[in-house]
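Have a look at the model below. We'll walk through a few of its aromatic rings and then a pair of its helices.

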Amino acid sequence: MLTAAHIIDKPIDFLADDSWTTPSMIAVGVFVSLPFTAYVLLAGLSAIPADVYEAARIDGAGKWRTCWHVTLPLLRPALLVASVLNIIYVFNSFPIVYTLNDRNPGFAHDTSITFMYKLAFKSSEHSIGMSAAAGVLNVALILIVVLVYLRSVKWKEI
């Protein structure tokens, strides 16, 4: 499609070229997480009472002011839930990374989950103990990242 549109000269193998592998996996991960995020935001939008919008309209707020000062603050809990669950999902997304990256040898484009899988089942040592230890470290890393995120968005104020 890109060559037909004359954007590039020759086709790119996005999963074989090392400079394109990680961005391609990120793009697929974002694409896969969009429906869940949209569903959570839709649920958050449907929970906002119409009275709030009517009060903003009566107070003279325009559409942009209503969006920034009414809708976004009231969507904050839904955005928080979607963000935390997407962070956890990214750390634990095995199928996407494994499916897209299985033909590449080594550990260069692995996430922590696919690294643990390769340690346990694909490496020459079949080191299940090392894989289990990496799993414990993965859980600790997820916990730290989520706690840092929650602290940075001041979740207790929600």
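What follows covers the ring pairs and then the helix packing.

This is a predicted model, so to speak of a local feature takes pLDDT of at least 70 and side-chain atom pairs count only at pLDDT 80 or more, while totals for chains, interfaces and linings use all residues. Residues are numbered from 1 along each chain as its sequence is written, and side-chain values use heavy atoms, leaving out hydrogens and water.

Let's start with the rings. Rings of Phe, Tyr and Trp (its six-membered ring) pair if their centres lie within 6.5 Å; planes under 30 degrees apart are stacked, over 60 edge-to-face, and the rest tilted. That rule gives five aromatic pairs. F94 and Y98 are stacked because their ring centres sit 5.0 Å apart with the planes at 15 degrees. Both belong to helix α4 (residues 94-101), four residues apart, or about one turn; helices here are DSSP runs of H or I, at least four residues, numbered from the N terminus. Y98 also pairs edge-to-face with Y117, at 5.1 Å between centres and 75 degrees between planes. Y117 lies in helix α5 (residues 112-122), 19 residues from Y98. Ring pairs join F94, Y98, Y117 and F121 into a cluster.

Now for the helices. α2 (residues 50-58) and α3 (residues 63-91) pack at about 160 degrees, axes 11 Å apart; axes are lines fitted to C-alpha atoms over the stretch in contact, with angles from 0 to 180 degrees between N-to-C directions. So α2 is roughly antiparallel to α3 (an angle over 145 degrees). In contact (heavy atoms within 4.5 Å) are V52, Y53 and A56 of α2 with T66, V70, T71 and L74 of α3.

Methods
Helix = DSSP H or I, 4+ residues; strand = E, 2+ residues; numbered from the N terminus. Parallel < 35°, antiparallel > 145°, perpendicular 65-115°, else oblique.
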